[in-house]
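Please look at each residue in turn as it comes up.

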Amino acid sequence: LAENFYRELLLKNEGKRAICYLDRRGVNQESREKFCLGYSAVRKDSLKNHLVFHEVDLDLAVECGLLRKAENGSLRDFFRGRLMYPIHDRQGRTVGFGGRVLDESGPKYINTQATQVFDKRRTLYGLDIALNSIRTLGEVIIVEGYMDVIAAHEFGFSNVIASMGTALTGEQVGQLRNYASSYVLALDEDQAGMEATIRSLESAW
């Protein structure tokens, strides 16, 4: 329900900032739909009101990481004014979100907090879309970010996914062993990326 709400907002007037960002990054319409990209409104109660309208238990929405409860008990949207990347499990079910800020107002990226259905250590971005290709090719390419995955798929590299942190975890590798026999780490070539590659090789394998 939240994913569809964010996707609809992207197409409305308030989603223009996110559309401009996607245009600048060269993300085409097919990719926007394929990866279910969306936008979270700046207003603090936009999603909350939508969930109320659909009679969703707001305590469940807090537990899922969609809403945040203040000390005084009031509820507000967790994601606000961000380009939204839905995160799916390998069956394609929505388990969380990543949100990219479109100004300088906060952290560049924030993700859904850990929940019963979203565990970053076990989740791989884009796996549901890339799974058939990975199985066919017997090879998986692991990059760092959401946009890296989207760009790779646009250029025909359909076996590309991303870890939910800089370095791969043993749990993530355990999943990939079921689908591929060849693994390519294509992390950023800056110092952090090189260190993450070494950590991945030392810990995950």
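1. I would begin with Asp103, which is partly exposed, with a relative accessible area of 34%; on this scale buried means under 20% relative accessible area, exposed over 50%, and partly exposed in between, computed with a 1.4 Å probe on protein chains only. Please keep in mind that this is a predicted model, in which local features need pLDDT of at least 70 and side-chain atom pairs count only at pLDDT 80 or more, while totals for chains, interfaces and linings use all residues. Residues are numbered from 1 along each chain as its sequence is written, and side-chain values use heavy atoms, with hydrogens and water left out.

2. What is the salt-bridge partner of Asp103? Arg17 forms the salt bridge with Asp103, and the closest N and O atoms are 3.5 Å apart; the term stands for a side-chain nitrogen of Lys or Arg within 4 Å of a carboxyl oxygen of Asp or Glu. Because Arg17 lies in helix H2 (residues 16–24) and Asp103 in the loop between S5 and S6, the pair ties together parts that are 86 residues apart in sequence. Helices (H or I, at least four residues) and strands (E, at least two) are DSSP runs, numbered from the N terminus. Arg17 is itself partly exposed, at a relative accessible area of 35%.

3. The structure holds 7 salt bridges, and another of them joins the side chains of Arg122 and Asp119 at 3.5 Å, N to O. Asp119 is partly exposed, with a relative accessible area of 31%.

4. Asp89 deserves a careful look, since this residue in the loop between S4 and S5 counts as buried at 16% relative accessibility. Asp89 forms a salt bridge with Arg93, the closest N and O atoms being 2.7 Å apart, whereas Arg93 is exposed, with a relative accessible area of 52%. The side chain of Asp89 also reaches the backbone nitrogen of Gln91 at 3.0 Å, which is a polar contact, that is, a pair of N or O atoms within 3.5 Å, where within protein one must be able to donate a hydrogen and the other to accept it, and residues adjacent in sequence count only if both atoms are side-chain atoms. Leaving aside residues up to four places away in sequence, Asp89 touches Val95 and Asp128, where contact means heavy atoms within 4.5 Å.

5. S4 is mostly covered, with 7 of its 7 residues buried.

6. In what order do the strands of the open sheet run? The sheet is formed by 4 strands in the order S1-S4-S5-S6, with antiparallel pairing, and its edge strands, S1 (38–40) and S6 (109–111), each pair on one side only. Neighbouring strands of this sheet are turned by 35° against each other on average, direction ignored, the axes being lines fitted to C-alpha atoms, for helices over the stretch in contact, with angles running from 0 to 180 degrees between N-to-C directions. Helix H1 (residues 2–10) lies across S1, S4 and S5, running at about 95° to S1.

7. Strand S9 (residues 160–163) can be checked separately, as both of its faces are covered: Val160 and Ala162 on one side, and Ile161 and Ser163 on the other, are all buried. S9 pairs with S7 (residues 124–125) in the antiparallel sense over 2 bridges and with S8 (residues 139–143) in the parallel sense over 3 bridges. Ala162 stands opposite Tyr125 and is also the bridge partner of Val143.

8. Finally, the buried residues of helix H7 are Tyr146, Met147, Val149, Ile150, Ala152 and His153, and just after this helix Gly156 takes a positive phi of about 95°.

How values were computed. Pairing = 2+ DSSP bridges.
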